[in-house]
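I opened my notebook to look up a few things in this structure, one entry at a time. Come and read along.

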Amino acid sequence: MAFIIPPLSSNGGRFLASGGDDLDVHLWDFHQEDINKPCHTLVGPRNNIFCLEFSRSNQFLFAGGTDTIVHQYDVSRLETGPLSKLPMNMVREHDTIRDVTCSPFRDEVFLSGSEDGRIIQHDARLSFSPNIRIADIIQLTAEVTSVQFHPTVENLFITSDSNSNVCLRDTRMAFGPRKSRSNEGIVRTFHTTIARRNIGTMSRPEPSSVAFDREGKKLAITSLHYYPTIYSLSDTYPIAICTGNSVARSPSQRTYSNSCTMKHGCFGGPGPMISDDDYYLGGSDDFCGYLWKIPPVEQLMAQREEIPAHEWRLDGSNIVGFTENADSSKFIPTELPTPSAVLKGHNSIVNTGLIHPQFPLILTAGIESTITLHSPFPSCPFSRRLSLTPQEVRQLPSSTTPEEARVIDSLLLGVEPAFGESADEAEMDTIRLFDRILRMEGGADPFEVLPWVQTSEDVDDSSSDASMV
């Protein structure tokens, strides 16, 4: 399974880091004439890699995943000389590391978030110690699913957790001696609770990732069982949701959904200017990537509808709105139902993607062990052999195939599945495994599987479930 997340290296996006369940970190150079293999391969992780991040000036590369260790690599000579394949430092945490984010102002400072609910502030200028200081830890009551530094404001960062809390925080209030902390560092909480008019209950879809645009004026939350949701940083309610509802398709074709895997999206655009950063890219369970054009924030704010709580209860339609609690107004963001592009070429779930900051290029990856490059042109500076994208998308089998049953039977018996002998056969067995998961957990329409489990009286309207160490 390949895995990529933005950003690329800061020198115009020359280098891409990728990783997955082969346990290696691969570095790719977009200045090569033919980018058919990595320019460097780093080793160290002992289990699946979930997150990769270059430091501000490309001096370091950080990797984290299910082996509970943050690996720090020295990549300062990436452009000029050989690299050590081994990490220069390792920091062991207590649980699977879901995200790592580097300060855009200081190379040595980064944050990590893990499934034990801890957000840890690291400073590589200090000697690494197996004992992390209490002053550098925020302890949440739920798994951390994402943590990202703000791209332009030094002390701000955003977090999400499995209890659907998405919070903008300030490092000066979040870390340090207990007496200097305040409100777990929270300066703004974004409302993610959804109310559905015709059933009178609420739900809080679990966010799997949060992404800023280049200026940090917009953010996108990608959640299980819901659509990518766009917020203005200055407002706690969303301004847009990105769907594929208007894409023409046959009855057997699926559209955007996210029910099975952790997905990461990103903002970007056709050029290096900040004003070009008006597209959002996300992966989907229907084996495609989706690219949406995001209108200006001011336009989306003006189009958003607010319905007072007493009027909300009078209508029996199935409209969905975002709210703070049962007695609050409901906000209906603008739906963006028509993606600018639907990116095909995959045979299974697309988990992640990025938009290159310099080249007319989009990269997508997921369950398969390859990264797919998409371009409007048949050639580019690093490849002259781009083939036409397939117009057909592989269909999800409607029932269990004999080959799929063989893989599932091995898992039920508690033994490692007997994957095919060749790499292609082994990858196809992995795809069959996720076909089974999709049939069990997935749905073409997110509302078919959205967990409407909380009544309006049960929804907790507190600002956060976080607590500090």
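Entry 1: I started with His150, which is buried because its relative accessible area is 3%; buried means under 20%, exposed over 50% and partly exposed in between, using a 1.4 Å probe and protein chains only. This is a predicted model, where local features need pLDDT of at least 70 and side-chain atom pairs count only at pLDDT 80 or more, while totals for chains, interfaces and linings use all residues. Residues are numbered from 1 along each chain as its sequence is written, and side-chain values use heavy atoms, with hydrogens and water left out.

I found His150 in the loop between β12 and β13 (156-161). Strands here are DSSP runs (E, at least two residues), numbered from the N terminus.

Which backbone oxygen does the side chain of His150 reach? I found that of Gly216, at 3.0 Å. I also noted the backbone nitrogen of Thr152, 3.1 Å from a polar atom of the His150 side chain. A polar contact is a pair of N or O atoms within 3.5 Å; within protein, one must be able to donate a hydrogen and the other to accept it, and residues adjacent in sequence count only if both atoms are side-chain atoms.

Leaving aside residues up to four places away in sequence, I listed what His150 touches, including Pro104, Phe157, Phe212 and Leu233. Contact means heavy atoms within 4.5 Å.

**Entry 2: another histidine.** I then looked up His356, in the loop between β30 (350-355) and β31 (362-366). Is His356 buried or exposed? His356 is buried, since its relative accessible area is 1%. A polar atom of its side chain lies 2.8 Å from the backbone oxygen of Gly13, and the His356 side chain reaches the backbone nitrogen of Gln358 at 3.0 Å. Not counting residues up to four places away in sequence, His356 touches Leu8, Phe30 and Gly269, among others.

**Entry 3: the sheet with β12.** I followed β12 into an open sheet of four strands, ordered β12-β13-β14-β15, with antiparallel pairing. Its edge strands, each pairing on one side only, are β12 (144-149) and β15 (186-190). Two strands pair if DSSP finds at least two bridges between them. I saw four bridges between β14 (residues 166-170) and β15, and Thr189 in β15 is the bridge partner of Cys167.

**Entry 4: cysteines.** I searched the whole structure for disulfides (cysteine sulfur atoms within 2.5 Å) and found zero. Cys242 counts as buried because its relative accessibility is 0%, and Cys288 counts as buried at 3%.
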